[in-house]
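Please read the following report alongside the sequence and the coordinates. It takes up the contact between two chains and then one part of a fold.

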Amino acid sequence: MTGASGSRATGSRRGNATRLGLMALPVGFFALFFAWPVAAIVARGLKTDGAWHLGRIAEIVTQPDIRHVLWFTTWQALASTALTLLLALPAGYVFARLDFPGKHLLRAVVTVPFVLPTVVAGSAFLALVGRGGLLDELWGVRLDTTVWAILLAHVFFNFAVVVRTVGGLWAQLDPRQEEAARMLGASPLTAWRKVTLPALAPAVAAAALMVFLFTFTSFGVVQILGGPTFSTLEVEIYRQTSEVFDLSTAAVLTLVQFAAVGAVLAVHAWTVRRRETALRLVDPKATARRPRGAGQWTLLASVLVVVALLLVLPLAVLVRRSLDAPGLGYYRALTHADGGTFLVAPVHAVWTSLEYAVAATAIAVVIGGLAAAALARRDAGRLVRGFDALLMLPLGVSAVTVGFGFLIALDKPPLDLRQSWILVPLAQALVGAPFVVRTMLPVLRAVDVRLREAAAVLGASPWRVWREVDLPLVRRALLVAAGFAFAVSLGEFGATVFIARPDNPTLPVAVARLLSRPGDLNYGQAMALSTILMVVCAAALLILERLRTDRTGEF
Amino acid sequence: MLLSLDAATVRFGGRAVLDTVGLDVAEHEVVCVLGPSGSGKSTLLRAVAGLQPLSGGRVLLDGRNQTGVPAHQRGVGLMFQDHQLFPQRDVGANVAFGLRMHGVAKGERDVEVGRLLELVGLPGAARRAVASLSGGEQQRVALARALAPRPRLLMLDEPLGQLDRSLRERLVVELSELFGRLGTTVLAVTHDQGEAFALADRVVVMRDGRIAQSGTPLEVWQRPADAFVARFLGFENVVPATVAGTVADSPWGKLPVPEGSAQGHRTVLVRPAGVRLVPADQGLACTVTARTFKGTHVAVHLQPADGPRLEAACPLRDAPEPGASVGVEFDVAETVVLD
């Protein structure tokens, strides 16, 4: 029996060692750059003169102005979610069940806003509905002082979330299930209500929660479009930190947000688990048909109109506004440092952003990739799965928390990174890594474990198994993940605005700073810089798309 | 012995999937492990391959204890149930994979891949995509891939499991010829007795993680070790009986049994060929409930007035209609006392 227990111990010991090896770097990274800053926030908020004061939370959230912020944050998130569902669910149906020329292009158009930086959306909606914007010019209508600008910008961003989550599943639902219900005597509407809707409901819930989360923690959009009237928790945390200099209140607000986000994420995890239960899925290509009848054509047309007005028009107006000055004046102004807003020419921000983004992508891919590899192992225990949820926190906990945490935790020895350029990429990687994990994990999990075993039996060592079996299968996902991390990093605003050095702003930070200054020239420059940012993001994604299709063959 | 299992045990949770299994496979021998699903036969292969750590006992290859030796260093081949060809590589690259892992030079590899593809009946298929292969072709490629690194022991997990019947029958003959020609040592598992009997020099029947019987196909077929093995081989006429001398007292009445049979409370098997149909007024009175055509004969299902159902094998022409009344007599040559 000694041999017995010995062999078993060897096997599990080896598994544990591998897992620990994979996890060490991500765990260290998240402990140092997430858990430690969050702990610093807690201490800053609730500890005065070495004693804990939990009563501070109640004290602060009952202040009238803070109560107002909490109320606004919640109801605008609910309203944005409802509006997004209302406009995007029909689009989800159109993408899932109808087949029409230009569908691929339309899908790309719908997806682009999701990867665009928040400040680009902010400036685009400013150019559409703000002072001197298109609506102002045409009909004298201004929405930038109303909540509508914020709500519409939120729909702009989250349209793709709903279309992809719900439409993606919808396209894979077997239409024959509905047909079976019809054959059993159900009317078309009843069949849809009793068969399709229940299958779809968890996906709708998951998408709605995601949209709620994104809009609840909205920062860039509200910062630009909200003016002095509207402020979400995120904006208030930033204001308390950088304008009021009340770090303790900011810390308490961060904790409140932390709790709210944690609750939403927990519900989301639960709905995702439910969504994965036993649905018969089919190839999406087989379920779409040409539109038939006036109803379907009307639906298709109205979805096209919504996409054109809400997603395409703002970006078009942004580009047009950036070209308003004769001879590309706004763009040329970007190359001069004389505005007084910056120590360097604003165009310098392009290179800063790209450098940071490359570094942040590298960090995010390594950290996220290792974490995904550890999580994908079949013998992953509870502890590891708990880490999975932890990894999602920086995504939901909001960028402002990350930035604020960096600001107050990494400013003294032994870890004083204030002067180091790596601070910004680190924060951006923290926000980007969850995307990498999310992209890689399903693909890694889908690699049949017996393929690895087949390679092992043929003589491949564990390292070669990874290189020969896993890597070729996940290369695509790895590139997509890198693209996500890159786009996130380019557009990252909430965390970066706290920690970017004044002489080295990134593109979004530069745009926001220009918009906060009066005058047509600053405004025009902001539009021009936003356009550049949009083009850089789009170009990055297009290059990636190319890379991806070029290499799908064997090596 | 090339392969020895010494009290090999695998537990999942508290359940023993492999329960103190002892098994020896000699060089050039083809052994088939036969058993219903869940009997632990796939786990047996995985334990030998090093993919499943043992909870107890040892696996020895060439007399060397394999405890702690990882799968890629054991030098055994395993052909997976659903082949597990690498989807992103073509046929040639799949076959060459094991050779690459063993550091065989490119030129040599190409020659070897060509030779193996010819051997399995797919000459010139090296550049084909795996996705374009039919089930039978995939099976051949998987076999070539497993043979390529010249494993000292080749293991096959349900080698023909997913193929349709006619293809299976053809391939089983090809495989058996191929193994004979190459002198490969083979350990295969299957739930199909036909496959096992066609391939194997020796058959091992497994039940609930234990070995129920081991022997040549003929031995196992002629003398199943117990009621479980008999029923698993497809024999339905199995009843408890009390044996005294050359007569067994059973629910079907007195059955003649061979001389020298074990005495006392036993299980008796009458093979369908030993159930002879006679006119209704003779022997055990039965009613025909159904009949199924088996190609060379008809299986006639009979319900005696008293006692469990019977199956008789009957020439095509003489098969009675369902509902007919017949008599049954038992042939001593086809009757076996088990246990």
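The report below begins with the interface and then turns to chain B and one of its strands.

**The interface between chain A and chain B**

The model is a predicted one, and the values given here are computed from it. The contact draws 26 residues from chain A and 34 residues from chain B. The size of an interface is often given as the accessible area lost when the parts come together. Between chain A and chain B, the buried area is about 2,500 Å², and carbon and sulfur atoms give 60% of that area.

As for polar interactions, 5 residue pairs are in polar contact between chain A and chain B, counting pairs in which both residues are at pLDDT 80 or more. There are also 4 salt bridges between chain A and chain B, and one of them joins A:E453 to B:R46, with 2.5 Å between the closest N and O atoms. On the side of chain A that touches chain B, the elements that give two or more residues are α1 (2–46), α19 (449–457) and α20 (462–491) of chain A. Of that side, α19(A) provides the largest share, with 7 residues. Sorted by class, the side of chain A that touches chain B has 14 nonpolar, 4 polar and 8 charged residues.

**Chain B as a whole**

The secondary structure of chain B consists of 8 helices and 20 strands, and its C-alpha atoms fill a box of roughly 80 × 45 × 35 Å along the principal axes. Of the 339 residues in chain B, 51% are buried. Among contacts in chain B that link residues at least 6 apart in sequence, 65% join residues at least 24 apart.

| Strand of chain B | Sense of pairing with β8(B) | Bridges |
|---|---|---|
| β3 (residues 30–34) | parallel | 5 bridges |
| β7 (residues 153–157) | parallel | 4 bridges |

For β3 of chain B, which pairs with β8(B) in the parallel sense, the bridge partner of B:C32 in β8(B) is B:A188. For β7 of chain B, which also pairs with β8(B) in the parallel sense, B:D157 stands opposite B:V189 in β8(B).

Notes
Residues numbered from 1 in each chain as written. Chains lettered and ligands numbered in written order. Predicted model: local features only at pLDDT ≥ 70, side-chain atom pairs only at ≥ 80, totals over all residues. Heavy atoms only, no water. Contact = heavy atoms within 4.5 Å. Buried area = accessible area lost by both parts, 1.4 Å probe. Salt bridge = Lys/Arg side-chain N within 4 Å of Asp/Glu carboxyl O. Polar contact = N/O pair within 3.5 Å; in protein donor to acceptor, adjacent residues only side chain to side chain. Nonpolar A, V, L, I, M, F, W, Y, C, P; charged D, E, K, R; others polar. Pairing = 2+ DSSP bridges. Buried < 20%, exposed > 50% of the residue type's maximum accessible area, 1.4 Å probe, protein only.
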